[in-house]
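Hello,

Here is the structure you were waiting for. Please open it first, then read my notes below.

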Amino acid sequence: RLLNVLNYLIIQINLLVIVTRFQLNMASFEKPPPSKRKAASPQHWSLGLQASMGDPELLVRSDETIVAIKDKFPKAKYHFLVLPKEEISSLRSLNKSHVGLLRDMLKCGEQIAAEAIAKGDSKTKVTFRYGFHAVPSMARLHMHAISQDFDSPCLKNKKHWNSFTTNFFVDAVDVIDLLDSKGKVDFNKAKYESLLKEPLKCHICGTGLANMPSLKAHIEQHC
């Protein structure tokens, strides 16, 4: 009789093992395997111009070769970017064959600036500069068309200010002349980046200011 009980227990244990294995196998079968593809990392901010070019809210003008958009983080009341549709990473990628393209970009910048002034309600004269950062922070070639009021909450620090008011900002006509005469544009990175650390001073009268709030207050006197 004891033997029968033992046999019965052994059978029950074996059945329990079989059922448990079956359940585990079914669970692994139903559960989708983990994806081997790495999750896409967020796009680095320096690559943002590509997305901005396709944003209808930023688009100002587009033709076969050029796109003009509003700067997503404008550093002045009027701040536009003019970009070629051709994949050109930076000034260093240009050659003499691009002289005509740069002239067209400059012309486009001047036209959209004139249109902005005509539509605006400014009581004071609005002036623009058109040019390139010698060492741009954003990937893809782009020319700035920026009003000289620098009236924007996005203009926050010394680097922002000096990137548009020192020789770090190279006028488009000078870039075109350099490319036309030398066949290339290659600015010394260390030399030009040092300009971003220069003391703050008014771009109109040259007065030195201690900080951005005092600089912005001073600029209003010229408006």
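**Cysteines**

Cys202 is buried, at 3% relative accessibility. Buried means under 20% relative accessible area, exposed means over 50%, and partly exposed lies in between, with a 1.4 Å probe and protein chains only. The closest cysteine sulfur to that of Cys202 is in Cys205, 3.7 Å away, which is too far for a bond. A disulfide here is a pair of cysteine sulfur atoms within 2.5 Å. By this rule the count is zero disulfides. Cys108 also counts as buried, at 8% relative accessibility.

**What you are looking at**

This is a predicted model: local features need pLDDT of at least 70, side-chain atom pairs count only at pLDDT 80 or more, and totals for chains, interfaces and linings use all residues. Residues are numbered from 1 along each chain as its sequence is written, and side-chain values use heavy atoms, with hydrogens and water left out.

The protein chain has seven helices and six strands. Helices (H or I, at least four residues) and strands (E, at least two) are DSSP runs, numbered from the N terminus. Along the sequence the pattern is α-α-β-β-β-α-β-β-α-β-α-α-α. Of the 223 residues, 36% count as buried. Contact means heavy atoms within 4.5 Å. Among contacts in the protein chain with a separation of 6 or more, 62% join residues 24 or more positions apart.

**Helices α3 and α5**

Start with this pair. The axes of α3 (residues 99–119) and α5 (residues 172–182) come within 10 Å and cross at roughly 170°. That makes α3 roughly antiparallel to α5. Axes are lines fitted to C-alpha atoms, for helices over the stretch in contact, and angles run from 0 to 180 degrees between N-to-C directions. Angles under 35 degrees count as roughly parallel, over 145 as roughly antiparallel, 65 to 115 as roughly perpendicular, and the rest as oblique.

On the α3 side, the contact uses Val99, Leu102, Arg103 and Leu106. They meet Ala172, Val173, Val175, Ile176, Leu179 and Asp180 in α5. The residues of this contact divide into eight nonpolar, no polar and two charged. Ala, Val, Leu, Ile, Met, Phe, Trp, Tyr, Cys and Pro count as nonpolar, Asp, Glu, Lys and Arg as charged, and the others, Gly among them, as polar.

Which residues of α5 are buried? They are Ala172, Val175, Ile176 and Leu179. Seen down the axis of α5, its buried residues fall within an arc of 100°, so they line one face of the helix. The arc is that of the directions from the helix axis to the C-beta atoms. An α-helix has 3.6 residues a turn, so residues three or four places apart point the same way. The buried residues of α5 pack against α3, β4, β5 and β6 (169–171). On the other side of α5, Ser181 and Lys182 are exposed. Gly183 follows α5 and has a positive phi, near 80°.

Back in α3, look at Ile112. Ile112 is buried, at 2% relative accessibility. Leaving out residues up to four places away in sequence, Ile112 touches Val60, Arg61, Ala68, Phe80 and Val82. Val60 is 52 residues from Ile112 along the chain, yet their C-alpha atoms are separated by 7.9 Å.

**Helix α7**

In α7 (residues 212–220), the buried residues are Met212, Leu215, His218 and Ile219. Seen down the axis of α7, these fall within an arc of 120°, so they line one face of the helix. They pack against α4 (158–165). The face turned away from the buried side carries the exposed residues Pro213 and Glu220.

Asn157 sits in the loop between β5 and α4. Asn157 is partly exposed, at 32% relative accessible area.

**Two loop residues to check**

Arg140 has a positive phi of about 90° although it is not a glycine. Arg140 lies in the loop between β4 (128–133) and β5 (143–147). Buried or exposed? Arg140 counts as buried, at 9% relative accessibility.

Phe150 has a positive phi of about 50°, and it is not a glycine either. Its place is in the loop between β5 and α4. Phe150 is buried, with a relative accessible area of 3%.

Best wishes
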